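Please look over the sequence and the model before reading on.

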Amino acid sequence: DQTGQSSNRGAFIVVEGLDRSGKSSQAARLLERLQTANIPAKLMKFPDRTTAIGKTIDSYLRSESDLDDRAIHLLFSANRWELATSISSALHSGTTLLCDRYAFSGIAFSAAKGLPYDWCRAPDISLPAPDLTLFLDVAPEVARERGGYGEERYEKEEMQRQVRVMFQRLGEETSGSGGGRQRWVTIDAGQSIQAVEEDIWRAVEPLVHGVDNPLERLW
Ligand code: T5A
Ligand code: NA
């Protein structure tokens, strides 16, 4: 465009991490920062517990119901697919989209339970791919000390340890040759809330005026 800052679409930025790594706190701060800078931005969250599928997921996570491991995995993925069109239309209308958890959580948690990694990845193939994934990395023993830990199904230290290994594998695959333009940045989430916010801003700032490359599909 005339300013030379051509921006075909908004950036798709995903925040991932272990339970209690500070994703929601940081996503909210980032949204506020973008809005203060007059950048059109929107925040989404997965699981989106408000839809019919989301309500089933919510009940499962709060241990009010039980489901086969594969069935719940597919519901988490279906919950993303039911919002995939709104993700791409928001991006193409120029909105920067922040997403609190996405397909990487889907794979990491189910694979940590023992389901085959490739099987876990299959239902998320060809979802809109983030331009940037911020992985908030924190030692499970640090996360454990934070507010609210242990209230939901997966918030046990041994499970979180397995999940962390899976996230590391996903990060290597995403930033490796198969990842196209998709970037994976690991953030030390064991720091103060303000220090984490600054590290995140450094990674996000180059994308806030929009991106030119077409929206990719996962894997
Ligand atoms: N899941 C999810 C799957 O199995 N498959 C999937 O496909 C998906 C999408 C629910 C569960 O679902 C699983 C993963 C999860 O186990 P959720 O709804 O995102 O996922 O979980 P929540 O309970 O909402 O969020 P988390 O537990 O992950 O917490 P956050 O968002 O990481 O942390 P936040 O910001 O709420 O902070 C937690 C506490 O820590 C403090 C905060 O003030 C708060 O008290 N805190 C800090 N304290 C010190 N230093 C810092 N830097 C801090 N940052 C935050
Ligand atoms: Na959260």
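## The sheet

Strand β4 (residues 132-137) and β5 pair in the parallel sense over 6 bridges; strands pair if DSSP finds at least two bridges between them. Helices (H or I, at least four residues) and strands (E, at least two) are DSSP runs, numbered from the N terminus. Val-185 in β5 is the bridge partner of Leu-134.

An open sheet is formed by 5 strands in the order β2-β3-β1-β4-β5, with parallel pairing. Because β2 (41-45) and β5 (183-188) stand at the edges with a single partner strand each, one side of each has no neighbour in the sheet. From one strand to the next, the twist averages 20 degrees.

## Basis of the model

This is a predicted model, in which local features need pLDDT of at least 70 and side-chain atom pairs count only at pLDDT 80 or more, while totals for chains, interfaces and linings use all residues. Residues are numbered from 1 along each chain as its sequence is written, and chains are lettered from A and ligands numbered from 1 in the order in which they are written.

## Helix packing

The axes of helix α3 (residues 69-81) and helix α5 (residues 103-113) come within 10 Å and cross at roughly 175 degrees. Axes are lines fitted to C-alpha atoms, for helices over the stretch in contact, and angles run from 0 to 180 degrees between N-to-C directions. The crossing therefore makes α3 roughly antiparallel to α5, a term for angles over 145 degrees.

On the α3 side, the contact (C-beta atoms, placed from the backbone, within 7 Å) is made by Asp-69, His-73, Phe-76, Ser-77 and Arg-80. Ala-103, Gly-106, Ser-110 and Lys-113 contribute from α5.

Of the 23 residues around ligand 1, Gly-22, Ser-25, Gly-106, Phe-109 and Gly-147 come nearest; a residue is near if its C-beta atom, placed from the backbone, lies within 6 Å. The elements giving two or more residues to this shell are α1 (23-36), α5 and α9 (193-204).

## Backbone exceptions

Most residues other than glycine have a negative phi, and most peptide bonds are trans. A cis peptide bond, with omega about 0 degrees, joins Phe-46 and Pro-47. Pro-47 is found in the loop between β2 and α2 (52-61).

Asn-38, in the loop between α1 and β2, has a positive phi of about 60 degrees. Asn-38 is exposed, with 7 other C-beta atoms within 10 Å; the cut-off for exposed is 12 or fewer, for buried 20 or more, with partly exposed in between.

How values were computed. Parallel < 35°, antiparallel > 145°, perpendicular 65-115°, else oblique. Contact = placed C-beta atoms within 7 Å.
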